[in-house]
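Let's walk through this structure together, starting with charged pairs and moving on to the cores and the overall build. Please keep the viewer open as you read.

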Amino acid sequence: AYSISIKQTQGFMSAHHPPFPVVFLACLVCASALGAGSVLAWAPWSQPWITPLVYGALYVCLALCGRPIMVAALALAFGLAQHGTGHGWIFTALVDKAGLSIAFALLSASIFMLYLASFMALPAYLWARLFLRGGTSARLPGVAAAAALAALWATGEWARGHLFNGFSSLSMGYAWLDTPLAGVLPLTGLHGLGLGAYAICFGWIPAVEHLIRRKPWPAILLTVGLICTLVSGQWGSSMPWIVAEGEPMSFRLIQTAVRPKDKFEPTAIPGQIDELTTRMMEEPASLILAPETALPVFFHQLPAGVVDKLSHFSSLHHSHLFVGVARMGSRQEGHNGLLHIRPDSAQLQFLDKALLMPFGEYSPAGFQWFSKRVHFALKDLAPGAPGQQAFVVRDHRIAALICHEDSANWLARRRARDASVLLNPSNLAWFEHSAAISQGLAMARVRALETGRPILRVANGGVTAHIDHHGEVMGQLPTDGIGVLKGLVQPVQGTTPYSRIGDAPALAACCLTFLVAAGRQMRRRDLRTRG
């Protein structure tokens, strides 16, 4: 169907020459619609099969409007529609949970969506400058140009996942989590899978066009690439480099389900602390984990006797207790973190959250005006160091990713190298009944696949789940209501290729792909100029 459409479009363009503004406006509407529809590829809908159709159609639109500024505008429209639809829960949270007016929440969310979409628009502008002729064209740029665009967009996603503590949600690799391609994740990580998926989604349209013109090599090359990706995914999914370490450990994950409007209400805090303390001591286990900020005060503000009571239970039953609580640093700066109460020592251990949620727990430079308007109990916090000491539980080293940190593959990789299990305490009640809940679980599952580590994820109003080192959910609680998830987690040892090398191979592949395609394009221009 796309081949026929391309052929008809080419004939229409060559025969009728419609005015450029008409073509651009039509493509702008199409790009916006494609961006809004593309979110069906990600959780909670998880329909990745639509991505070749969506991105293939987008590639046609970009090619028809060859002027760089127009191509950037189309990519921006696509990105705004995609992030506005897929991350609309940000606007809802700002109004319902942060107490902003609708107008100010709309302004703030729009600025953020514009920022996210720019990681598509800027690479598209560069791509158009190099690979398009600058006006309406009757012929699509070839497979090499499609590969170059894939490399640029994959690199843009990598940058988006790092700047301002990163925001990797709706990266292409997440869409392919429950497919045979997911086995690529332990080999190259999120962005390596994203590069391959983008190349397939952009490249199949020009490959079919070349096939119609009896030039089979691009289609053959794309088919070989797809087969190699599938074979790599099949091999990667077996994960032969990860083996069990010691005996399984029992765990209890306590989902508190406290609504945000009640969580930091002064009159409700004592009751929350009493209830959480009681529930943590209901039954012993090797690991007992409560959500992020489950104790909704700073550590020094806890009622007398709370820590002593938990410490006594820990020592009596040989249980390691982990509970989210904020604390004040030596310079009176606030830290969001995780408290570890050990049965073998009276000394308490803290892990401070290293990657704070932008615009929530801290405001990037120039955005203090936003922080002043939101009603967050814990804001303007200080980050902890990325490399903090791991916890030790029964001779196993345990690392943690606190809430937003599960979106950072580089941090998960760093902490997993020296750990056999990952903890993921979170608080997603701000985004209850939205796609954010499923998107967060998908990110945690990808981190498990990349690092080859099981993850114990506990949330206040989110998905509390036990995820094994293959990224499979072994057990979970309903997102609504109080509950406890119990089970056994198997510590593991070994290192995935991604944990060992990181994003370097994926970035090198992006650079090499772009340079080869750009060099080929420049040689063609030189030949045309000489001719």
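**Salt bridges, cores and cysteines**

By the rule used here, in which a side-chain nitrogen of Lys or Arg lies within 4 Å of a carboxyl oxygen of Asp or Glu, the count comes to 12 salt bridges. Before we look at some of them, a word on the source: this is a predicted model, in which local features need pLDDT of at least 70 and side-chain atom pairs count only at pLDDT 80 or more, while totals for chains, interfaces and linings use all residues. Residues are numbered from 1 along each chain as its sequence is written, and side-chain values use heavy atoms, with hydrogens and water left out.

Start with Glu432 and Lys97, whose side chains meet in a salt bridge at 3.6 Å, N to O. This pair links distant parts of the chain, 335 residues apart: Glu432 sits in the loop between strand 11 (421–426) and helix 16 (435–451), and Lys97 in the loop between helix 5 (89–96) and helix 6 (102–131). Helices (H or I, at least four residues) and strands (E, at least two) are DSSP runs, numbered from the N terminus.

Next, find Asp352 and Arg327, which form a salt bridge at 2.7 Å, N to O. Asp352 belongs to strand 8 (residues 349–352) and Arg327 to strand 5 (residues 320–328), so the pair ties together parts that are 25 residues apart in sequence. Buried means under 20% relative accessible area, exposed over 50%, and partly exposed in between, with a 1.4 Å probe and protein chains only. Asp352, at 8% relative accessibility, counts as buried, whereas Arg327, at 23%, counts as partly exposed.

Now turn to the nonpolar cores, each a set of buried Ala, Val, Leu, Ile, Met, Phe, Trp, Tyr and Cys residues joined through side-chain atoms within 4.5 Å. The largest has 72 residues, and those with the most contacts inside it are Tyr55, Phe78, Trp127, Phe131, Trp153 and Phe202. Helix 3 (residues 50–64) gives the most to this core, with 11 residues. Leaving aside residues up to four places away in sequence, Phe202 touches Tyr55, Tyr59, Ala146, Leu149, Ala150 and Trp153; contact means heavy atoms within 4.5 Å. Apart from this core lies another, of 58 residues, including Leu411, Ala436, Leu456 and Leu485.

What about the cysteines? The structure holds 0 disulfides, a disulfide being a pair of cysteine sulfur atoms within 2.5 Å. For Cys27, the closest cysteine sulfur is in Cys65, 3.8 Å away and so too far for a bond. For Cys511, it is in Cys510, at 6.8 Å, again too far for a bond.

Finally, zoom out. The protein chain has 18 helices and 16 strands. Its radius of gyration, taken over C-alpha atoms, is 25 Å, close to the 24 Å that the globule rule gives for 531 residues, so the chain is as compact as a globular protein of that length; the rule is 2.2 Å times the number of residues to the power 0.38. Of the 531 residues, 56% count as buried.
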